[in-house]
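Trainee: I would like to learn how to read salt bridges in a structure. Please take me through them step by step.

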Amino acid sequence: DDGIAVDGTGATAEGSVVTISQAGEYTVTGSLSDGQIAVALPTKSDEVTINLEGVDVTSTTGAPFAATKGKVDLSAKKGTTNSFTSTATYNEETVNACVYSKNDLTIKGKGTLKVSSTYNNAIGCKSDVTIKNLTLNVTEAANNGIKGNDSVTVESGNVTVNSNGDAIKSDEDPAYDGDVLEGGTVKIADGTVTLTTGTTTKDGTTSTSDGIKASMLCDISGGTINITSTGDAIKANASSIDEENPTIADGDGSINITGGTINISAGEDGIKGVKSVNVSDGEITITKAEDGIQVSEVVYDTDGTTVKAYVTGSIGISGGTFNINTYDDGIHSNNTVRISGGDIDIATGDDGVHGDSYLYITDNADINITKSYEGI
């Protein structure tokens with residue numbers, strides 16, 4: 001607060017703001033009670049690595065870390081604890097997070113990073129967010145905890161999020177880039193991820209919040225994931241559906257689980273897709289939810305006229321261990337359920353396994369329904 005010192009070139013200080021304007025590697029240490037680290041590189045493809053070695057930056061007016069041009073690596077040094085805190089009381093659409101990057105953002109290292117924000121999102125990026133190795137603790141978020149428009153990937157580390165809005169979110173509308181469908185994707189490969197969500201209020205309306213939410217694909221292949229949410233725990237919502245032609249592409253609105261340990265307590269559904277939910281391995285425990293695993297049609301309401309999207313949703317279970325205890329259905333698809341493997345225990349207030357059109361149970365499936373209204 002008594003003055004920012006810069007050694008070397010590529011960065012300048014003015015008042016309580018330090019601006020990094022050239023690509024390269026920088027080391028930051030020290031604290032600011034009301035200031036900002038800003039990144040504005042010559043082009044959006046330029047890259048900067050910022051080593052955090054005991055950094056504590058607070059802003060009362062907006063984002064204490066804001067990268068408006070260029071790709072950013074934030075690296076927390078082993079043995080250090082680093083913090084970014086925003087106490088601002090308003091939301092901004094352009095720089096919309098306490099830790100913000102317009103281009104790709106990688107958060108890594110063997111140290112600790114804490115983020116607390118009353119300023120819209122805690123961590124926000126208009127492109128891809130990648131997290132690996134470090135301990136990341138989002139202690140407060142007025143809106144979303146970690147939001148990457150194109151994708152959020154947790155490769156490893158210990159990630160904890162407490163947010164009023166969705167904990168981890170990627171909401172880019174799916175579209176084709178040539179023959180490849182791209183859109184909002186959340187991937188978790190390893191590490192420990194603990195997510196807790198609350199509610200948000202806008203224009204007098206209070207809404208529940210999801211644990212993991214993607215507009216196209218949720219892909220979980222490993223790690224330990226603990227979710228306590230007021231809304232859905234894991235959700236792929238297929239936001240690209242066109243009201244004039246309500247169909248969606250293969251893969252859009254899908255959830256794929258190929259490993260990991262997932263523990264869920266949800267105010268709404270546990271695992272919810274629009275196009276498909278596929279599980280081949282992993283341990284899934286759902287102790288509280290409406291439906292445990294659900295695929296359901298999307299409904300539009302245009303000028304009072306309800307239009308159902310033409311979605312042939314499916315649930316496919318070929319392996320894994322399940323312990324499902326729900327208020328409504330245990331497993332429910334608006335079209336097809338295929339169970340060809342897995343060890344599945346279900347206790348529910350309504351149906352154990354429910355397919356609106358088709359339900360196939362084959363091969364090595366082991367299903368034990370201890371409580372239900374209709375079993376299968």
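Mentor: In this predicted model, the count comes to seven salt bridges.

Trainee: What is a salt bridge?

Mentor: The term is used for a side-chain nitrogen of Lys or Arg within 4 Å of a carboxyl oxygen of Asp or Glu. One of the pairs here is Lys77 with Glu53, where the closest N and O atoms are 4.0 Å apart.

Trainee: Which parts does the pair of Lys77 and Glu53 tie together?

Mentor: Lys77 sits in the loop between β7 (71-76) and β8 (81-86), while Glu53 belongs to strand β5 (residues 47-59), so the pair ties together parts that are 24 residues apart in sequence.

Trainee: How is the accessibility of Lys77 classed? And how is that of Glu53 classed?

Mentor: Buried means under 20% relative accessible area and exposed over 50%, with partly exposed in between. Lys77 has 44% relative accessibility and therefore counts as partly exposed. Glu53, at 29%, is also partly exposed.

Trainee: Which residue forms a salt bridge with Lys169?

Mentor: Asp166 does, with 3.6 Å between the closest N and O atoms.

Trainee: Is Lys169 buried or exposed? Is Asp166 buried or exposed?

Mentor: Lys169 counts as buried because its relative accessibility is 16%. Asp166 is buried too, with a relative accessible area of 6%.

Trainee: Where does Lys272 come in?

Mentor: The side chain of Lys272 meets that of Asp269 in a salt bridge, at 3.7 Å from N to O. Asp269 has a relative accessible area of 5%, so Asp269 is buried.

Conventions. Residues are numbered from 1 along each chain as its sequence is written. This is a predicted model: local features need pLDDT of at least 70, side-chain atom pairs count only at pLDDT 80 or more; totals for chains, interfaces and linings use all residues. Side-chain values use heavy atoms; hydrogens and water are left out. Helices (H or I, at least four residues) and strands (E, at least two) are DSSP runs, numbered from the N terminus. Buried means under 20% relative accessible area, exposed over 50%, partly exposed in between (1.4 Å probe, protein chains only).
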